[in-house]
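Here is a short report on charged pairs and nonpolar packing. Please read it alongside the structure.

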Amino acid sequence: MFARIVDPLPYEDKLEVRPLDRIDLVVIHCTELPDLATAREYGERILHASGTGNSGHYYVDRDGSVHVYVRPERVAHHVRGYNPRSVGIELVNTGRYPNWLATGSQTMDEPYTAAQIASLCALLMDLQRELPGLRFIAGHEDLDTACEPASDDPDVLVRRKMDPGPLFPWDEVLLSTSLQRLLPP
């Protein structure tokens with residue numbers, strides 16, 4: 001078992017409130033940043049007219065610690081088109097950092113730690129108990145398949161989102177939960 005470190009973002013109370021039974025989806029992300037402190041800094045940035053920013057609900061650091069930046073009864077901004085019905089879980093991982101959209105940065109080669117995956121699996125079990133409508137799980141890359149011009153060559157299109165990426169152990173995680181993988185057509 002693990003403890004959740006509750007450390008809400010400064011604007012959490014400005015995020016839309018929702019009933020917990022509206023949540024049927026967990027979206028797995030990776031931060032694509034070097035560490036938890038940098039992920040926190042990015043999460044605190046105000047990006048929207050509402051005075052809020054982009055973040056997940058839960059962050060799982062490399063040591064397996066679980067940090068709550070937005071409680072699930074609030075709608076966080078973590079995936080286009082699915083926020084009202086989902087909870088976002090961010091795994092600290094460098095991903096394509098720091099040149100996310102450059103043509104030479106389109107591989108993700110940092111493995112997730114055993115502690116991260118164990119904590120993720122335990123968190124998923126807890127969320128299934130806490131959220132009565134929870135049925136599905138997806139990767140960010142499954143739901144946001146848009147491409148954008150590469151930052152270093154506008155003639156080349158690259159995936160906007162690739163997380164949690166090719167090293168994420170889907171088989172292991174799916175064996176630990178009854179959630180069904182949501183793969184849009």
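## A buried aspartate and its partner

D142 is buried, at 13% relative accessible area. Buried here means under 20% relative accessible area, exposed means over 50%, and partly exposed lies in between (1.4 Å probe, protein chains only). D142 meets R181 in a salt bridge, 3.0 Å from N to O. The pair ties together parts that are 39 residues apart in sequence, because R181 lies in strand β9 (residues 180-181) and D142 in helix α3 (residues 140-143). R181 is partly exposed, with a relative accessible area of 30%.

A salt bridge requires a side-chain nitrogen of Lys or Arg within 4 Å of a carboxyl oxygen of Asp or Glu. Helices (H or I, at least four residues) and strands (E, at least two) are DSSP runs, numbered from the N terminus.

## Basis of the values

This is a predicted model: local features need pLDDT of at least 70, side-chain atom pairs count only at pLDDT 80 or more, and totals for chains, interfaces and linings use all residues. Residues are numbered from 1 along each chain as its sequence is written, and side-chain values use heavy atoms, with hydrogens and water left out.

## Other salt bridges

The count comes to 12 salt bridges. One of them joins R85 and D24, with the closest N and O atoms 2.7 Å apart. R85 lies in the loop between β4 (66-68) and β5 (86-91) and D24 in the loop between β1 (4-6) and β2 (25-30), so this pair ties together parts that are 61 residues apart in sequence. R85 is partly exposed at 27% relative accessibility.

R45 and E41 also pair, at 3.3 Å from N to O. R45 is partly exposed at 37%. E41 is partly exposed too, at 44%. Salt bridges also link R4, D126, R129 and E130 in a network.

## Nonpolar cores

A nonpolar core is a set of buried Ala, Val, Leu, Ile, Met, Phe, Trp, Tyr and Cys residues joined through side-chain atoms within 4.5 Å. The largest one has 27 residues. V26, I28, I89, L127 and F168 have the most contacts inside it. At least two residues each come from β2, β3 (58-60), β4, β5, α2 (114-130) and α4 (170-175). Helix α2 supplies the largest share, 6 residues.

What does I89 contact, leaving aside its neighbours within four places in sequence? Its partners are V26, V27, I28, H29, Y58, V60, L120, L123, L124 and L127. Contact means heavy atoms within 4.5 Å. A second, separate core has 11 residues, including L9, Y11, L33 and L36.
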